[in-house]
Amino acid sequence: MNPRKGIPFLDLITPHLELEEELVQRFKDCIRSAAFIGGPVVERFEMDFARFCNVEHCVGVGSGTDALRFALMAAGVGHGDIVVTVPNTFAATVEAIIQTGAIPHFIDIDPQTCNMGVEALREYLHTQCERPDGRRSTVHRATRQPVKAILPVHLYGQMCDMDPITVLAEEYNLIVIEDACQAHGSEYFSNRKGGWQKAGSMGKAAAFSFYPGKNLGACGEAGAVTTNDASLAQRIRMIRDHGQNKKYYHFVEGYNGRMDALQAAILQVKLPHLEGWNEKRRRASQFYNQGLRTGDRIKSPHEPSWSRAVYHLYVIRAEQRDELQKHLAKENIGAGLHYPIPLHLQQAYASLGYRAGAFPIAEKLAHEILSLPMYPQIRNDQQEQVIDALTQFYEARVETEKVLPPESLRTANTESSTQL
């Protein structure tokens, strides 16, 4: 029996206990005002979050999925349009594209950052797309359908390489919508703009999720769209509220996608703490980086010089990943897979026509990734326990390999290679 206390993958209890008094007071304020949906509380949070992201406008919505869908719709993406994105993301990215009537086209990822591959995007646009003479729009050569937007996903809390993505978007007259659902507060150094830029400020619009486990999380579902485009923000305000610009006057077909005032109040209590929480995540990631000394068997997350990641997740790439996850579970250490099956291989999206081997980097990654415990309140002694468990696992493997007869070793290596 392991006498040490278990380590959760995510701790959602401690931060709420720390803020309990203020959170309870905000709940009482909502009850006493009976302002449950929209209204001044939501508007105050929208202003504060827009300021945090260094943009002009923020529109609170019901979820991160709503944010993605409404941003695409408001930007003019619709039936038959192609949106370029990546297969290693949560399903909501593709749900939002398909629910606008558009078609997702996947490209492979960068093998170091695990984000959208710039070279893959360039190759897709140069070889599969064209701009017919005299037209500003880009079309897909094979299907002749319009290519309308690029949807880069700032995965795990690190921004994509946005300068070359926006250059390609301008060259092909494409809209950029950021999926920033995991990237609250992350930053990118833009040579084009001459400084550090916040997630949510570099595209036509960006979508954020405030699902409880996010760096800035509500106590339920909530999301937001950020933009510097006033007319786009106004369209989203109508879309989220049944297409109304005032009560019972419906100017477009809309959705019920409004933010609850209670969730906005909770988010406003937490927002002043977000930068401090993100810095604690960064320090925790550095502690992991320094402690993980297992040779080539583990790769720590790669953070380029142009990135300030906020480590929504701390994701390693590991040999014998499945066995390692089982070992951690026996040690009572939480771990996760984000994500075990790329979207192009999911049954729900079989109709898109992709097959295994279409995106080899994303597919290889799916067999290697493992998310370790990461949250602002994680202690160094807890991280040491995680590091010890990883080290012990691989040391045991090394000892096993030393005593295996040659034939058994070849078999073990073959099984390992099929996983990677």
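How much space lies in the largest cavity? I looked this up before anything else. The answer is about 140 Å³. I am working with a predicted model.

**Cavities**

I count two cavities of 30 Å³ or more. For the largest cavity I listed 17 lining residues. Leu12, Pro15, Lys214, Asn215 and Arg281 lie nearest its centre. I then checked which elements give two or more residues to this lining, and found helix H1 (14-18) and helix H10 (274-291).

**Largest pocket**

I turned to the largest pocket next. Its volume is about 540 Å³. The lining holds 26 residues, and Phe90, Gln182, Tyr211, Lys214 and Tyr339 are the closest to the pocket centre. I note that Lys214 is also named among the residues nearest the centre of the largest cavity. Helix H4 (64-74) and helix H5 (92-99) each supply at least two residues of the pocket lining. Which element gives the largest share? I find H4, with three residues.

**Tyr339 and its peptide bond**

I place Tyr339 in the loop between helix H11 (321-330) and H12. The bond joining His338 and Tyr339 is a cis peptide bond. I read omega there as about 20°.

**Glu363**

I went on to H12 itself, which spans residues 360-366 and contains Glu363. Glu363 is buried, yet I find no salt bridge for it. Where is the nearest side chain of opposite charge? It belongs to Arg355, 11 Å away. What polar contact does the side chain of Glu363 make? I find one with the side chain of His344, at 2.8 Å. Leaving out residues up to four places away in sequence, I list Pro342, His344, Leu345, Arg355, Ala356, Gly357 and Ala358 as touching Glu363. Arg355 is thus on the contact list, although its side chain forms no salt bridge with Glu363.

**Helix H9**

Is H9 mostly covered or mostly open? I find H9 (residues 261-270) mostly covered, with nine of its ten residues buried. I wrote down the buried set: Ala261, Gln263, Ala264, Ala265, Ile266, Leu267, Gln268, Val269 and Lys270. These buried residues pack against H1, helix H2 (20-33), helix H3 (40-53) and H10.

I looked up two residues here. Asn173 has phi near 55°, a positive value, and is not a glycine. Asn173 sits in the loop between helix H7 (162-171) and strand S7 (175-179). His242 also has a positive phi, about 60°, and is not a glycine either. I find His242 in the loop between helix H8 (230-240) and strand S12 (244-246). How accessible are the two?

**Glu56**

My last entry is Glu56, in the loop between H3 and strand S1 (57-61). Why does Glu56 count as exposed? Its relative accessibility is 60%, and the cut-off for exposed is over 50%. Leaving aside neighbours within four places in sequence, I find Glu56 in contact with Ala50, Thr227 and Asn228. I also took the spacing to Trp306. Glu56 and Trp306 are 250 residues apart in sequence. From C-alpha to C-alpha I get 24 Å.

Note on methods:
Residues numbered from 1 in each chain as written. Predicted model: local features only at pLDDT ≥ 70, side-chain atom pairs only at ≥ 80, totals over all residues. Heavy atoms only, no water. Helix = DSSP H or I, 4+ residues; strand = E, 2+ residues; numbered from the N terminus. Buried < 20%, exposed > 50% of the residue type's maximum accessible area, 1.4 Å probe, protein only. Lys, Arg positive; Asp, Glu negative; His and termini not counted. Salt bridge = Lys/Arg side-chain N within 4 Å of Asp/Glu carboxyl O. Polar contact = N/O pair within 3.5 Å; in protein donor to acceptor, adjacent residues only side chain to side chain. Contact = heavy atoms within 4.5 Å. 1 Å grid on protein atoms, 1.4 Å probe; cavity = no way out; pocket = protein on both sides within 12 Å on 5 of 7 lines; lining within 4 Å. Points joined across faces, edges and corners; volume = space filled by probe spheres on them.
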